[in-house]
Amino acid sequence: MAAVETGRHHTSYRSELRLWHTRPQIVRMAVLAVVVAVLPFVLDNYWLSLANTALIATIGAIGLNILVGYTGQISLGQGGFLAVGAFTSAILTDRVGIPAPFSIIGAVVLTAAVGVIVGLPALRLKGLYLAIATLASQMVILFIVRRWGFLTEGQGFLDVSRLEVFGFRLDRANFEQQWYLILLVLAILAAFTATNLFRTGVGRSFMAVRDQDIAASAMGVNLTRAKLTAFAVSNGYVGLAGALMAHYTEILSWEKFTIDVSILYLAMIIVGGMGSIAGAVYGAVFMTILPVLVREAADVVGGAVPIIKNQLPAVEHGVFGLTIIVFLIFEPRGLNRIWERVKDWFGFWPFRY
Amino acid sequence: MSTFVTLLVIGLSEGAILALAALGFVLIFKATGVINFAQGEFLLIGAYSFYTAFVIMQLPIVLALLVGVLVAVIVGVVVERFILRPMVGQSHISIIMVTIGLASVLSAIVQMFYGTQPRAMPPILPRGSVSILGGSVPVNRLWAIVICAVVLGLLTWFFQKSRHGVAMRAVADDQQAAMTVGISVRRVFALSWALAAISALIAGVTLADVTAVEMNIVNFGLLVFPVVIMGGLDSVPGTIVGGLTIGLVSQFVSGYMDPGLAEIVPYIVLVLVLLVRPYGVFGEKRIERV
């Protein structure tokens with residue numbers, strides 16, 4: 001390998017616009033591409049279903065990171081927004097009879113609209129006040145989901161029919177593999193669009209609002225428009241995640257959208273790295289695998305310390321909280337920063353910097 | 001009329017307990033600027049530590065309360081020293097998230113040792129009911145109001161008159177200026193966390209006595225947020241008014257309309273307040289500079 005990159009010297013506009021600049025970057029992406037392409041053939045259904053859950057979480061976490069990490073508007077309403085996307089898409093498909101792809105688009109649009117409505121108070125609120133206002137929206141949306149008989153036809157849960165894309169119906173035998181492909185494509189699309197969003201003027205204005213909103217408005221950023229656009233775009237992704245969740249899990253009930261889900265998604269972007277798309281991906285994968293790891297570990301330790309095995313849900317909950325605390329204290333910029341440090345260490349070796 | 005009186009007293013007692021819990025929150029926010037999402041878990045820890053001392057260890061009530069206070073102080077100081085001090089200077093979002101993580105850990109610890117089943121505790125406050133204006137009113141609710149009123153009064157006096165209270169207000173006003181006149185900011189931080197944990201302990205034990213010792217205390221703690229937002233986050237009288245309002249509104253809605261709706265009415269009130277006055281009813285408006 002050539003010497004370490006000392007800076008990026010662009011000689012043409014084309015090279016400046018490229019997503020990946022250096023050879024190691026391209027090599028890493030190629031390796032990653034091969035790995036994700038091979039996964040569905042080597043993993044069994046259990047691990048594939050985890051991968052699918054992680055992919056859906058990735059889309060949702062990217063959406064939340066646009067709002068929280070890039071625009072600095074904290075939201076505790078993620079669970080409610082997921083519910084809006086999920087129920088919209090399920091009802092449009094099964095009761096109105098719109099083909100699934102279009103009802104998913106409908107869910108994205110509607111969730112974005114709901115986000116704008118919730119975002120309206122955000123124009124005047126900051127920090128804690130905004131956190132509580134979004135908490136209120138979470139509570140109200142969840143209440144509607146629980147009480148509005150129309151959504152579940154009074155039975156408390158909603159069955160969603162098997163996904164059908166333009167006449168192609170997923171079959172039972174290859175269910176997880178087919179979903180993996182669909183979700184992988186959508187997650188990659190989400191990551192690409194989000195990355196590119198922050199290379200445009202709109203995306204830059206989001207970051208300006210995060211760093212110092214008064215200064216941003218003094219420089220000509222329209223705060224109202226930036227904040228509302230951020231809420232709409234972010235919730236578009238969240239609505240997509242919700243709709244996919246509906247079609248993938250094929251059953252919806254209010255328990256899937258509680259305040260704990262909102263906190264889980266916030267934990268994903270904290271652990272992964274706030275204000276980075278890659279971080280949202282790392283965080284979503286990490287937080288999906290964490291409970292599985294805890295369960296495996298509990299099986300091993302459980303013989304010696306029975307309390308860990310008997311109180312598994314409590315242990316999972318505790319480890320979850322501890323993960324958030326440890327990351328915030330020791331690496332507030334998350335897994336993404338750790339990965340960068342690893343790269344630096346190898347890149348600069350044998351020197352410190 | 002009879003239902004009205006019963007609902008009024010129950011609402012006032014819930015409101016008084018809420019105000020006490022919220023005061024702990026305001027205490028921490030005022031002195032240290034930290035938004036404590038784990039206040040409900042502090043109530044939980046308080047109720048369960050008292051339960052452990054009083055029922056499991058069979059200690060007399062005064063000793064049990066002392067054990068509760070000891071646990072509360074230790075938890076408060078440890079949390080301040082090891083979790084929040086490293087976070088000084090971080091963004092709002094990080095500090096909110098660290099207390100959310102703390103909330104998970106605390107409730108997980110309680111759940112690991114006590115499970116999710118409600119625990120029975122012998123009544124501390126006198127049971128039975130008296131009739132006021134034709135409505136039957138549980139006596140322990142009346143006592144709960146009295147206890148909360150006394151504790152709230154004591155804490156308010158502490159803030160206004162005592163040496164440490166004045167030091168806390170000075171730190172809340174301007175940390176650097178407080179340091180220059182020789183106030184130990186660290187000690188004030190630890191003191192405010194300990195006091196918040198103690199007020200949560202009293203609120204938690206009172207709540208556990210009028211309801212039950214169970215994990216649901218946490219959900220009650222979540223109602224602290226509508227209260228403090230109404231009160232404006234840093235005002236003690238505002239907290240009391242906010243607590244009583246939220247307690248009354250949710251009881252009346254639950255009694256006259258729909259118990260399920262009562263769970264979210266506080267949040268609807270909250271959104272309405274925020275739409276009209278984004279800094280709460282009693283909060284002071286801050287002018288922001290770049």
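The questions and answers below walk through some helices, strands and contacts of this predicted model.

Trainee: How are the residues and chains labelled, and what does the predicted model require of local features?
Mentor: Residues count from 1 along each chain as its sequence is written, while chains are lettered from A and ligands numbered from 1 in the order in which they are written. Totals for chains, interfaces and linings use all residues, side-chain atom pairs count only at pLDDT 80 or more, and local features need pLDDT of at least 70.

Trainee: Which element gives the most to the side of chain A that touches chain B?
Mentor: Here 37 residues of chain A are in contact (C-beta atoms, placed from the backbone, within 7 Å) with 35 residues of chain B. The chain A side divides into 29 nonpolar (Ala, Val, Leu, Ile, Met, Phe, Trp, Tyr, Cys and Pro), two charged (Asp, Glu, Lys and Arg) and six polar residues (the others, Gly among them). The elements giving two or more residues include α10 (213-218), α12 (259-272) and α15 (312-330) of chain A, with helices being DSSP runs of H or I, at least four residues, and strands runs of E, at least two, numbered from the N terminus. The most, 12 residues, comes from α6(A).

Trainee: At what angle do α2 and α8 of chain B cross?
Mentor: Helix α2(B) covers residues 39-56 and helix α8(B) residues 185-210, and their axes (lines fitted to C-alpha atoms over the stretch in contact) come within 7 Å. Among the residues making the contact are B:F42 and B:F50 of α2(B) and B:L201 and B:L207 of α8(B). By class, this contact has 13 nonpolar, three polar and no charged residues. With angles running from 0 to 180 degrees between N-to-C directions, the crossing is at roughly 65°.

Trainee: Are α10 and α12 of chain B roughly parallel or roughly antiparallel?
Mentor: The axes of α10(B), residues 224-231, and α12(B), residues 259-276, are 9 Å apart, at an angle of about 25°. Angles under 35 degrees count as roughly parallel and those over 145 as roughly antiparallel, with 65 to 115 roughly perpendicular and the rest oblique. So α10(B) and α12(B) are roughly parallel.

Trainee: Which residue takes a positive phi in the hairpin of β1(B) and β2(B)?
Mentor: Strands β1(B), residues 129-132, and β2(B), residues 135-138, pair (at least two DSSP bridges) in the antiparallel sense over four bridges. One bridge joins B:S129 to B:P138. Two residues lie between the strands, and the positive phi, near 50°, belongs to B:L133.

Trainee: Is A:V118 buried or exposed?
Mentor: A:V118 sits in helix α5 (residues 100-122) of chain A. Leaving aside neighbours within four places in sequence, A:V118 is in contact with A:G77, A:T134, A:S137 and A:F231. A residue is buried with 20 or more other C-beta atoms within 10 Å of its own, exposed with 12 or fewer, and partly exposed in between, C-beta atoms being placed from the backbone. Because A:V118 has 23 C-beta neighbours inside 10 Å, A:V118 counts as buried.

Terms used
Contact = placed C-beta atoms within 7 Å.
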